[in-house]
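Subject: Structure handover

Hello,

Here is the structure we discussed, with notes on what was found in it. Please keep it open while you read.

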Amino acid sequence: MMTEAEANETLMCPFAFSAMARLTLGGAKDLALALTRCQASACAAWRWHGPAERGFVIATDGAGYCDPGCSEPERPSDVPPSWEWMSGRKWEDPPGWAEPSAEMKARLRGYCGLAGKPEVP
Ligand code: SF4
């Protein structure tokens, strides 16, 4: 199980390698390596593992939870600077700080589904 970036940096797709090897025998090794990297979620065989949930910290203003629509209170020290302020629009959607989608996607893990689901000891 790995992130998309790890898969792209470390996995060689056996299908792409097989095709490229026939085309690049005897030269262009660097090009062949670049073109045979796993494409992760850009490939139909990629499978995600685990829920895709954004991190979220509900806002408090010192006296308790903020009402929906409140302005951003002081950011707690454990909320990363990159997290987005969401003022909320209704009670079921409380104000708080949300992890950006790109950060969530970067930490999600997956695997090449063509070789079966990996066993995790
Ligand atoms: S997910 Fe599997 S088949 Fe798709 S590019 Fe990566 S290694 Fe190749």
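A residue counts as buried if 20 or more other C-beta atoms lie within 10 Å of its own, and as exposed if 12 or fewer do. On that basis, 11% of the 121 residues of the protein are buried. Please note that this is a predicted model.

Overall layout

The protein has four helices and five strands. Read along the sequence, they follow the pattern α-α-α-β-β-β-β-α-β. The radius of gyration is 21 Å, well over the 14 Å that the globule rule gives for 121 residues, so the protein is more spread out than a compact globule. Along its principal axes, the C-alpha trace spans about 70 × 30 × 25 Å. Among contacts with a separation of 6 or more, 58% come from residues 24 or more positions apart.

The ligand

Which residues surround the ligand? They are Leu11, Cys13, Phe15, Cys38, Gln39, Cys43, Ala45, Trp46, Cys112 and Leu114. Sorted by type, this shell holds nine nonpolar residues, one polar residue and no charged ones.

The core

The largest nonpolar core has six residues: Ala7, Cys13, Cys38, Ala40, Tyr111 and Cys112. Two of its members are worth a look.

Alanine 7 touches Met2, Cys38 and Ala40, leaving out residues up to four places away in sequence.

Alanine 40 sits in the loop between α3 (29-35) and β1 (46-49). Is alanine 40 buried or exposed? Alanine 40 is buried, because 21 other C-beta atoms lie within 10 Å and the cut-off is 20 or more. Its backbone also deserves a note: alanine 40 has a positive phi of about 50 degrees although it is not a glycine.

Exposed positions

Serine 18 belongs to helix α2 (residues 14-23). It is exposed, because it has 10 other C-beta atoms within 10 Å and the limit for exposed is 12 or fewer. Serine 18 and alanine 34 are 16 residues apart along the chain, and their C-alpha atoms are separated by 14 Å.

Aspartate 78 lies in the loop between β2 (56-58) and β3 (84-86). With 7 other C-beta atoms within 10 Å, aspartate 78 is exposed. From aspartate 78 to threonine 36 there are 42 residues in sequence and 40 Å in space, C-alpha to C-alpha.

Glutamate 119 is in the segment after β5 (109-112). Glutamate 119 counts as exposed because it has 5 C-beta neighbours inside 10 Å.

To begin, find alanine 40 in its loop between α3 and β1, then go on to glutamate 119 after β5.

Regards

Conventions: Residues numbered from 1 in each chain as written. Predicted model: local features only at pLDDT ≥ 70, side-chain atom pairs only at ≥ 80, totals over all residues. Near = placed C-beta within 6 Å. Nonpolar A, V, L, I, M, F, W, Y, C, P; charged D, E, K, R; others polar. Core = buried A, V, L, I, M, F, W, Y, C linked by C-beta atoms within 7 Å. Contact = placed C-beta atoms within 7 Å. Helix = DSSP H or I, 4+ residues; strand = E, 2+ residues; numbered from the N terminus. Rg over C-alpha atoms; globule rule 2.2 N^0.38 Å.
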